[in-house]
Amino acid sequence: MAAVSLVRSLLPALLGAGLLVLLAGCGEVSAPRMMEARGDTCVEPVEVMRRDHMKLLKHERNQALRLGARTERYSLNGCIECHVSPTASREDPSSHFCLNCHAFNAVRFDCFQCHADKPMPDSGRVHALNPNGAQHALTVASGEELANDAQRLVALEIKAQ
Amino acid sequence: MSNESKPDLSRRQFLGGAAAVAGLAVAPGVFLVESASAATGASSKVRWGLLIDTNLCDSGCDACVTACNKEHGLNGHGRPATDAQYIRKVDLKDRKTGATRSLPVMCQHCEHPPCVDVCPTGASMKRPDGIVLVDKHICIGCRYCMMACPYKARSFVHEDLTDQLPHTPRGKGTVESCNLCVHRIDRGDGTTACVEACNRDGGSAMVFGDLNDPNSEISRRLAEFGSAAIRADFKLNPGVRYRGI
């Protein structure tokens, strides 16, 4: 009995020690290399889009499908037109803006089982905020830009506390 | 323990801070989005419909079917029994007189759609302007609607799909049918792919328009020539009408 109670009392400490060892082994995680978007500005500030893009998209989806009230501003096709290259593919998430970040964050949700995953170059349609055509080439965003974004988010969190 | 006593606090405060910056959320969890006034949406004053003159429809012509498949990216897998089809060409023959008719049959966009009645999730739905659609976001693929539809208008997607078109999202495990080219209607085109193709390559047998507007071409033709609904005895009041059957 005494041995069992000893193990019981030690168990949390053992688990804690194990966790510390695990954490010590972890290095810094680098952010996924995201694509640059066409155009200079998104439909909302980056902080809003990072956290709440799914709410905007869900609202838009219900309004558009069930009521026929389509706002170009928050349409999924609009996201694709600015953020995804015509040569991107679901099969290679690193080439796709949405799936790249979803894969990094272990988000399994995938709009693109049904929705078109890349812009149609000959559709003649481009998002209102997109000054370039759908053909405009995309490059990977610089590490500095990503670091700035991350810093802004951290600053926001500290301010809130 | 101290962490357990105030769970998630920093996260909540953070969300509050984010809301102040964004000016978008009025409180955590309450979210303001641009109101529908930006796009008024489908009006219940309108009821979209089709009139098909079977006297002008040639049995060898499938211009409407081809155009529909192209418009919505319906690429079959060479399995006619299960491949998705939004329009079927049906040939009728009167056994006594030998008279034949050919007509395209698609979703009839009923005023009282049985598919909507039986849908357990609310995925089958009728828009305010009378277009009957499947909300594939909440369709569970049970296929009750396919059994309920007296027109055999719906198809089930059995296969994984790739390269769908931006205006027609389609996916495995959901039911789909003619959506009356809803993307064109919302864009204000005032026609559908099948009607366009019938006027261009076919016998100009199809007219698209607003059944509620007495001055629209479809209403004038209906008033002048009359029409029939397929299986009118069900009293579903379909939005697709036929002449000559």
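Predicted model: local features only at pLDDT ≥ 70, side-chain atom pairs only at ≥ 80, totals over all residues.
Let's begin with chain B. The largest nonpolar core has 45 residues. Which ones have the most contacts inside it? They're Leu50(B), Ile87(B), Met106(B), Leu180(B) and Met206(B). Quite a few elements of chain B supply at least two residues each, including strands S3 (48-53) and S10 (206-210), and helices H3 (63-72) and H7 (193-201).

Now take Met206(B). Leaving aside neighbours within four places in sequence, Met206(B) is in contact with Leu50(B) and Met106(B), as well as Cys64(B), Cys194(B) and Cys198(B), among others.

H3(B) and H7(B) pack at an angle of about 135°, and their axes are 8 Å apart. That angle is why we call H3(B) oblique to H7(B). The crossing is right-handed. So who's touching whom? On the H3(B) side you've got Ala63(B), Cys64(B), Ala67(B) and Glu71(B), and they meet Ala193(B), Cys194(B), Ala197(B) and Asp201(B) of H7(B). By class, that contact has six nonpolar residues, two charged and no polar ones.

Over to chain A, and helix H4, residues 97-104. Which of its residues are buried? Cys98(A), Leu99(A), Asn100(A) and His102(A) are. The buried residues of H4(A) pack against helix H2 (46-67) of chain A. After H4(A) comes Ala106(A), and its phi is positive, near 60°.

That's the tour, so over to you.

Methods:
Residues numbered from 1 in each chain as written. Chains lettered and ligands numbered in written order. Heavy atoms only, no water. Buried < 20%, exposed > 50% of the residue type's maximum accessible area, 1.4 Å probe, protein only. Helix = DSSP H or I, 4+ residues; strand = E, 2+ residues; numbered from the N terminus. Contact = heavy atoms within 4.5 Å. Core = buried A, V, L, I, M, F, W, Y, C linked by side-chain atoms within 4.5 Å. Axes fitted to C-alpha atoms, helices over the stretch in contact; angles between N-to-C directions. Parallel < 35°, antiparallel > 145°, perpendicular 65-115°, else oblique. Left-handed = near helix turned anticlockwise from the far one by under 90°. Nonpolar A, V, L, I, M, F, W, Y, C, P; charged D, E, K, R; others polar.
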